Every structure is written in structure tokens, then in C-alpha cells.
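Here are some notes for a first look at the model below. Please read them with the structure open.

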There are 2 protein chains.
Amino acid sequence: MTLCWVDGVAADSLSVKDRGLAYGDGFFETILVKSGQPLLLQRHLERLTLGGKRLGLSLDLPLIERECRSFASQMGQGVMKLIVTRGDGLRGYAPGHDAQPRRILQASPLPAYPQGNAEQGVRLYACQTRLAEQPLLAGLKHLNRLEQVIARGEWQDSDHAEGLMRDTCGRVIEGVFSNLFLIKGGVLLTPDLRRCGVAGVMRAELLALAEQTSIPARELDLQMSDLQKADEVFVCNSVYGIWPVRGVERLNWPVGPLTRKLQSLVRGLLDI
Amino acid sequence: MTLCWVDGVAADSLSVKDRGLAYGDGFFETILVKSGQPLLLQRHLERLTLGGKRLGLSLDLPLIERECRSFASQMGQGVMKLIVTRGDGLRGYAPGHDAQPRRILQASPLPAYPQGNAEQGVRLYACQTRLAEQPLLAGLKHLNRLEQVIARGEWQDSDHAEGLMRDTCGRVIEGVFSNLFLIKGGVLLTPDLRRCGVAGVMRAELLALAEQTSIPARELDLQMSDLQKADEVFVCNSVYGIWPVRGVERLNWPVGPLTRKLQSLVRGLLDI
């Protein structure tokens, strides 16, 4: 059995009454573990805290942090998936006020992405699946992920390492499992995620790094025409860091200097 | 332990790797059971079939039907919840082609709704939570139900038996756990569910009944102003049947003759 805990105890199953299963009533975090350490853990916990506030789910953050650190130290290296749900429920959508949130930790090996992804960059598949606008859930990494499941099912070939997702109005939002950045005239641009999308931990880290290193950065609405005019494009997440984007459909970009600079900064964070 | 089966075997837990938990990658049906019979089962299975096709999940319908009938006969009476998920998954959104869908059956007692709901009618709470427009998922009873969880959390008082949900453009769509019908000039009107909402089994049954009994019926976009002009309003689902709606916010309706006629037809279906 691969390493797996439910509520702090080794287990590989959970109650069929869990509201995570019934309604997707919960959140998850995918955390890189190296040398027994969960990386960027504070940012993952911050997003979880925001989600808990938004959905009225009171979380014992110190307990979750302790469990994550202890689990990571047993894992050593790999990807640690943390799921937090509203726990068991009776029938009906009403969230109980005495709900006992459930924590699930699952270990998996480091994903075997081709080295070329980070070096030569990737091509994105232009997904037909559009993201619905739901400001109440936007930004959160909640368990309602059917849009991503449908989008990821759109391509099977290995020519596309990621997919590009737009919202129902055509705005460019994110990758299926990554956030998206554009560089135009030395400015770092990333889609505004107030209507839909997942506000990634690496995205937050990059925006903070940009501020620290005086790279101008903005969150704003972006269209395909902005992508067309971009000097550089890249995708990012907290497991693989940064992949330069070489192209999507008929658009092509070189791997530019600012992307390389950010890659080297991020490597310092993830290659410990 | 209450009656519960996982993949046809008595169990009250399931694998933490289930994609129903990870992504809400699956569907559910809430089926009324009386005298050991699952009621309106064919309509529940039809909706499941539609969902399976839409999400590329190949379901063994004869097996699911056999399990439902067998489970219902053991239950005798109550509410049977069927969850079907894409089964266990590895990390990542991509739906595996060799996925083994998982069936979960849970029994619960008949809900204790006040008798007045069906007799004198109910008031609806006008939810602030709006339904996002996602045509790819519209109509399906999938496991991504955070919008309903948030909406149901908006009111706790017992003056409101159900909530009224609109979409992000303000169209009137449904209840939190019911479908909505209006009657205007002898015509049965119900919101079009191509952009969002759950196409309920009782809604389908009522549209079929209307056709059989020559009651004119239409599915169309409806606004709050249509609700204002309605002669009668009711909500319905496959467990409680029909509840006349007496009011929402400042709007009020009488319990009208067509609602009573449909209630008596539905009682014939559910009170076996």
C-alpha cells in the first residue's frame, strides 16, 4: 500500500457518507515534497484557509500543517495530495454546523514529465471546453473539477503537454492543471481569476517574486489577441515549476529571457 | 450499520483514490423506494445514461438496474441514493480509458417533510447564490454540487422549505433540490435547462404526463417578471412529488387547480 492517511491515521478508504464524494464539498492541494519537506506549504495552507472561509468550513490549520509535515517526512520525496472535505453528512445539501472536516493525505511519485518541457518549452492544446463564470468559487482549488476532467479528455497525443482554457466569454484563463503568464514589453501579465480559474500557489509565488525583483506585473482580463501579441508565454504550477510555451494552434513564441530568469528563480525554490 | 453497498457488496467505505472524491467525477440519483420497488427507475437510469454519454463514462446499465432493484427490495421503503463514479484513478485529470465505474448504494429513511408542504404549499427563499452557465454539464445530476451546498447554506429558518435559484444572468432556473414549474393561462411552463440546472426525473415525468393529458407545456427562458405574472407556481422532485409554492419574497400565489390536478396524478405514481 502506498502511503496514505485519513484523519491522521494510515488508511486507504473513507466513509461513503463523506460530503467530498457526495457534493465535491471540499478542497485539495497538490504539494511537492523534497528531502522530507512540503514545499511552499504556507501558500498551500493560505489558499486552503481562503477556501474554508468562502465555504464556511472551519479548518484546524495547525493540525493540518502538523499532519502535512509529518506525512512529508515519511514520504521523503514525491507529490503529496491533501484533500480536506466537510466530513460525513446526512442526506441533503445543507452544510451541518457540527461538521468534522476530514483530512486525506496521499503520496505519489514525482511525475515523469519529459525534461524538454522545461528546456525547449511545450505546446498547448486549445481546449473547446470553456470554464463557467462562478465568482463564488473562483480561485479556489475545490473538489468540483468536472470542467478539468472534460478538458483533459480532449487530447491524448504527447505533442501537447497542457491545454489552454478560456471562459464562456472567450477570455484566456489558465491551463488545465497550470496557471498562465504572458510577457509583453517586459511586463508580466496573468489572467484575472475573479470569475473562474484556480489561483495557483506557483502563480502567487511568481507574483510575489516579481514584486521582490521589481518586475512589473498585472492581473487582468486577457483575450486570445493578447496572447497573439505576447513576447513570451509560460505556464506554471507548484510541482513542475515553469514550462515555457512554444505555441498554441497557429501562434508561436520563442523561449524568452524573462521566462528563463523566472525559471532560474523558481528552481531555487523547488530544487532543494 | 444502515444498508449500504459498494460495487454490489455490503460496505460503508470506499477507496480514497475514487475519482468521485477527487474531482466529483460521477453522478447520483435519489430514488424513492416503496414496497421494495425503486420508483421512476427507468427515468433515473435514462438520466444516468445521458450523463455517461456526455462525460464519456461507459456504464453497465443492466448491472446497475439489477443492483438497484435488489437493494430496494432489501430496503422495503425509504430513499435510495445511487452514486456512480469513474472509479479509482491515478493522479491527474485525464479520464482513464480502462476506468471501472464504481456503484454506491445508500439507504435512508423517508424524509420527514411537514404535511403542510404538499397541502398548503411552501414559501421559497430567494437565494443570492447564482448558477453558473455550463452547457456541457447542464441537466446532469453530477457530483459537482458546491453551488447547491452554498445556496442551501443561505437560510436556516423553517419558513422556507426550498430556495429559488437563478443563473448568473438572472434567469429563474430551479430550486436547490427541486425543479420549478409555472402555470400561466393554462400552460405549464418550466425553465429551459440547456445552460445550467438539473433536469429532474419528476420534471421529465410531469412533461410526459402533460403531453398524455393534453396540457400544453413549454420549456423556455424565464425571468422573475414571468414568475410575477404566473397564475400558479410549484416545485417538484422524485421524492416528495409536488409542493405548491405560496410565495417568494413579495410575490404570492394561490394553490391553483392545475397544481392540484398534477398533484393527484403524481400521487398515483408515488403512493404505491
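How many bridges join strand β3 of chain A to β3(B), and in which sense do the two strands run?

1. The model is predicted. In it, strand β3 (residues 13–15) of chain A is joined to β3(B) by three bridges, and the two strands run antiparallel. Within this pairing, Ser13(A) is placed opposite Ser15(B).

2. The contact between the chains involves 44 residues of chain B and 44 residues of chain A. On the side of chain B that touches chain A, the elements giving two or more residues are β1, β3 (13–15), α1 (19–23), β6, β7 (102–108) and α5 (146–152) of chain B. The most comes from α5(B), which gives five residues.

3. Sorted by class, that side of chain B holds 22 nonpolar residues, along with 14 polar and eight charged ones.

4. Chain B also has an open sheet of six strands, with antiparallel pairing. The order across the sheet is β2-β1-β7-β6-β4-β5. At its edges are β2 (9–10) and β5 (37–38) of chain B, each of which pairs on one side only.

5. One face to check is where a helix meets this sheet. Helix α2 (residues 41–55) of chain B packs on the sheet and touches β4 (26–34), β5 and β6 (78–85) of chain B. The direction of α2 makes about 180° with that of β4(B).

Definitions and conventions. Residues are numbered from 1 along each chain as its sequence is written. Chains are lettered from A and ligands numbered from 1 in the order in which they are written. This is a predicted model: local features need pLDDT of at least 70, side-chain atom pairs count only at pLDDT 80 or more; totals for chains, interfaces and linings use all residues. Two strands pair if DSSP finds at least two bridges between them. Helices (H or I, at least four residues) and strands (E, at least two) are DSSP runs, numbered from the N terminus. Two residues are in contact if their C-beta atoms, placed from the backbone, lie within 7 Å. Axes are lines fitted to C-alpha atoms, for helices over the stretch in contact, and angles run from 0 to 180 degrees between N-to-C directions. Ala, Val, Leu, Ile, Met, Phe, Trp, Tyr, Cys and Pro count as nonpolar, Asp, Glu, Lys and Arg as charged, and the others, Gly among them, as polar.
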